[in-house]
Amino acid sequence: MVPARTCLRFLPPPPPTTNAAQPDAAAVVVPLAGSSEEDRISQLPEDIQRTIVSKLPVKDGGATVVLSSSWRSIWSSIPLVLDDVQLRPAGVDELVDDDEDTELIEDISRDVVWDKVTAILRSHPGPFRLVRLTSSPASSLRAWLRIMAAKGVEELVVLNCEWPTAMMVLSVELLRCQSLKRLHLALSQMPHLPVPGRPGHRRAVHFPNLEQLVLCHAFVPETDIRDFLAGCPVLKMLAFIEGSGVPPYLDVLCPRLECLLLWQFKPLKLTVDAPRIERVILWRTNQFFVPPRTRIIVRGAPNLRILGYLDPRLHILESGDTVIKVGTRPKPDVMLPSVEILAIKIRFGVREDERTLVAYLRVFPNIRTLHIQSAPAPLRRADDERGPDFWNNDIFSLITCISKIKKFSFYHFHGMDNNSELSFIKSIAQTCTLLEHMRITISGSIMEPPSLLKARLMNSMSEVKWASEESTLDIITGNHKEWEYSTASDLSLSDPFEYI
């Protein structure tokens with residue numbers, strides 16, 4: 001069972017106004033009526049007054065309406081930023097961490113939040129620039145969503161904090177919210193959509209301006225996912241996070257989609273047919289290696305530039321109607337020439353994995369950056385009959401595909417005893433004539449002192465005849481950070497796999 005709190009790391013952070021250092025309303029607004037102090041703030045231009053109120057926490061911004069008659073219209077005229085965390089009783093988080101009556105404290109906190117959020121949503125005419133609901137009772141969310149859909153909301157973050165004791169099904173009214181641009185849902189369920197094609201049928205989902213959709217343990221009925229995405233004509237970013245394979249068949253046919261991210265989410269089949277898509281990012285799509293593997297079909301994606309992590313244990317890659325496997329001939333209609341950044345995770349020393357890696361690389365003729373992550377291999381490898389000579393012999397058949405590589409990263413090097421890892425790295429150095437930089441990170445699980453292993457590896461690489469005289473080598477030891485969702489989903493990064 002997934003605790004609600006674990007989903008918070010996949011949601012946008014609270015708005016800056018939650019900072020405890022923010023001044024309260026009384027400190028920045030006007031003197032109270034009858035005060036002898038001069039009211040200088042009310043003499044400021046109205047746009048500056050709006051800016052002042054917009055910087056306040058929501059509870060203080062609402063309080064300005066009772067401090068001065070000249071300010072009563074200011075708060076209601078500002079697109080509201082509402083974060084229900086700001087409305088929790090003071091000190092409740094410390095009590096939850098220390099007190100045994102956590103459930104009772106949380107119930108009281110939700111009641112307080114319910115009163116305040118309800119009052120704010122009813123009194124503010126809208127629109128709402130950002131609404132973040134992560135501490136509110138599930139029983140209230142549907143009614144609040146209907147209010148926001150009617151008044152207009154630009155960005156909406158909803159977490160059902162009462163999961164799994166309470167299920168929250170989205171209101172149908174929200175599915176036709178024309179102002180919504182970014183929607184993040186966690187531990188929620190989409191309503192079943194009407195059957196299309198009936199006389200007088202109106203599309204149930206109509207998000208004409210939705211650009212970003214993030215679903216974290218959000219359940220979408222299998223029969224509805226295509227209609228749901230069809231109602232998002234300008235969608236640019238789509239993410240499925242920590243799902244249990246619902247929906248199991250994911251057909252991404254979005255005309256303007258630029259990024260698709262599956263993070264610990266395992267569909268049985270993923271079809272990518274999006275003319276503008278640039279990134280397909282996959283991570284731990286089957287953590288427990290439960291069969292069957294996910295079929296990843298790339299079709300109609302001429303602008304796909306970034307792809308990974310592909311993993312032969314988890315995925316079956318298909319280009320068009322061709323399965324990419326050992327022995328696949330790299331015909332023109334099978335090639336994916338637009339991909340420039342490729343990330344693959346394999347077990348070195350497991351010959352089937354290595355042969356599949358060869359088959360994958362042959363399909364991508366224009367790789368500029370290659371990321372390889374080494375997964376632990378079984379202690380006994382019955383298929384290790386060819387030893388390190390496999391890469392010495394086979395890497396040269398890939399020259400046309402890897403000759404354009406400029407950056408190469410190898411993550412989790414497991415030591416000098418893994419001859420296949422070292423042989424592969426050396427073959428890259430000996431083959432890539434345009435290589436500018438190679439980075440090797442040493443696995444934190446090895447027993448050999450990292451400084452000693454680094455020295456041995458550096459000495460071994462110094463004996464290699466590098467194909468590029470301009471190439472540099474970095475060997476990184478120590479406890480390096482793991483790849484995180486925040487990095488993978490950051491569209492401002494030119495290479496989301498470069499995280500160390």
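Student: Is H184 buried or exposed?

Tutor: The model is predicted, so local features need pLDDT of at least 70 and side-chain atom pairs count only at pLDDT 80 or more, while totals for chains, interfaces and linings use all residues. Residues are numbered from 1 along each chain as its sequence is written, and side-chain values use heavy atoms, with hydrogens and water left out. Buried means under 20% relative accessible area, exposed over 50%, and partly exposed in between (1.4 Å probe, protein chains only). The relative accessibility of H184 is 5%, so this residue counts as buried.

Student: In which strand is H184 found, and with which residues is H184 in contact, leaving aside its neighbours within four places in sequence?

Tutor: Strands (E, at least two residues) and helices (H or I, at least four) are DSSP runs numbered from the N terminus. H184 is found in strand β4, residues 182-186. Contact means heavy atoms within 4.5 Å. Leaving aside neighbours within four places in sequence, the contacts of H184 are L11, P12, E155, L156, V157, V158, Q212 and V214.

Student: How many residues does the largest nonpolar core have?

Tutor: A nonpolar core is a set of buried Ala, Val, Leu, Ile, Met, Phe, Trp, Tyr and Cys residues joined through side-chain atoms within 4.5 Å. In the largest one, the residues with the most contacts inside it include M148, L156 and F408. Helix α9 (residues 351-363) gives the largest share of this core, 6 residues. The core has 112 residues.

Student: How many residues of strand β18 are buried?

Tutor: Strand β18 covers residues 437-442. H437, R439 and T441 point one way from the strand, whereas M438, I440 and I442 point the other way, and all are buried.

Student: Which strands pair with β18 in the parallel sense?

Tutor: Two strands pair if DSSP finds at least two bridges between them. Over 5 bridges, β18 pairs in the parallel sense with β17 (residues 407-413), and the chain crosses from β17 through helix α12 (residues 419-431) to β18 in a right-handed β-α-β crossover. A crossover is right-handed if, with the strands pointing away from the viewer, the path from the first strand over the helix to the second runs clockwise. Over 5 bridges as well, β18 pairs in the parallel sense with β19 (residues 472-476).

Student: Which residue in β19 stands opposite R439?

Tutor: R439 lies in β18, where R439 is the bridge partner of S409. In β19, the residue opposite R439 is D474.

Student: What kind of aromatic pair do W283 and W483 form?

Tutor: Rings of Phe, Tyr and Trp (its six-membered ring) pair if their centres lie within 6.5 Å; planes under 30 degrees apart count as stacked, over 60 as edge-to-face and the rest as tilted. W283 lies in strand β10 (residues 279-283) and W483 in the loop between β19 and α14 (485-488), so the pair ties together parts that are 200 residues apart in sequence. W283 is buried at 5% relative accessibility, and W483 is buried at 4%. With 5.2 Å centre to centre and 90 degrees between the planes, the pair is edge-to-face.
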